[in-house]
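My notes are below, in the order I looked things up.

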Amino acid sequence: MTTSDTPTSRGKTLFVSDLHLTHADLYASGLAWFDPTAHLARLVRFIEREVVERASEVGRLVLLGDTFDTWQTPMGERPKSYAEVFEGNVEVLAGLARAIERGVEVILTRGNHDWDLAEGDLAEVLPGARLVDDVRTRYAHAEHGHALTMFNSGDMDAIDRKSVV
């Protein structure tokens, strides 16, 4: 599913990618790419100041893949579920929920670390958020990009290059 540039009452679209929010066990181990001690306050502050408080100016917040990360798992351990990942990121999800309540359209695309995120998983913790493959506006085409690399794409020859801006 693609979202296109539909008229909104507000003009700004903000893009963020590769947050790699994961689960509490990995945060505690210090092995996660997202480090709550270094990044959480800044991320929550960004959501509050730039999205929630400016909701009258912001029409969309687009999270361009790898928002969540279920791949980072120590060898021999079971990968965590999205429910477990969500439990470790309550403050971020609460901020995104406040943005939705203020009328900001929150859109997520999948990345190579959250490729299996399902609409049902997202709807449980972030009702009103949309999960799409890419975002197209009059001026831009945005996606995570993992499908366009030889290391993450199943078949490079199958990619419709006309859709890439």
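This is a predicted model: local features need pLDDT of at least 70, side-chain atom pairs count only at pLDDT 80 or more; totals for chains, interfaces and linings use all residues.

I started with the crossover: β4, helix α5 (residues 119-125) and β5 form a β-α-β unit, and its hand is right.

Next I checked the neighbours of β4. On one count, strand β3 (residues 58-64) runs parallel to β4, with five bridges joining them. I found leucine 61 standing opposite valine 106 of β4 in that pairing. β4 also pairs with strand β5 (residues 130-132), again parallel, through three bridges. Here threonine 109 sits opposite valine 132 of β5.

Then I asked myself: are the faces of β4 covered or open? Both are covered: Glu105, Ile107 and Thr109 are buried on one side, Val106 and Leu108 on the other.

Over to helix α2 (residues 36-52). I looked up its span and got 21 Å between the end C-alpha atoms, short of the 24 Å a straight helix of 17 residues would reach at 1.5 Å a residue.

Which residues of α2 are buried? I listed Leu40, Leu43, Val44, Ile47, Glu48, Val51 and Val52. They lie on the same side of α2 because they cover an arc of only 125 degrees around the axis. The general rule I had in mind: an α-helix has 3.6 residues a turn, so residues three or four places apart point the same way.

On the face turned away from that buried side I found Ala41 and Arg42, both exposed.

Note on methods:
Residues are numbered from 1 along each chain as its sequence is written. Side-chain values use heavy atoms; hydrogens and water are left out. Buried means under 20% relative accessible area, exposed over 50%, partly exposed in between (1.4 Å probe, protein chains only). Helices (H or I, at least four residues) and strands (E, at least two) are DSSP runs, numbered from the N terminus. Two strands pair if DSSP finds at least two bridges between them. A crossover is right-handed if, with the strands pointing away from the viewer, the path from the first strand over the helix to the second runs clockwise. The expected span of a helix is 1.5 Å times one less than its number of residues. The arc is that of the directions from the helix axis to the C-beta atoms.
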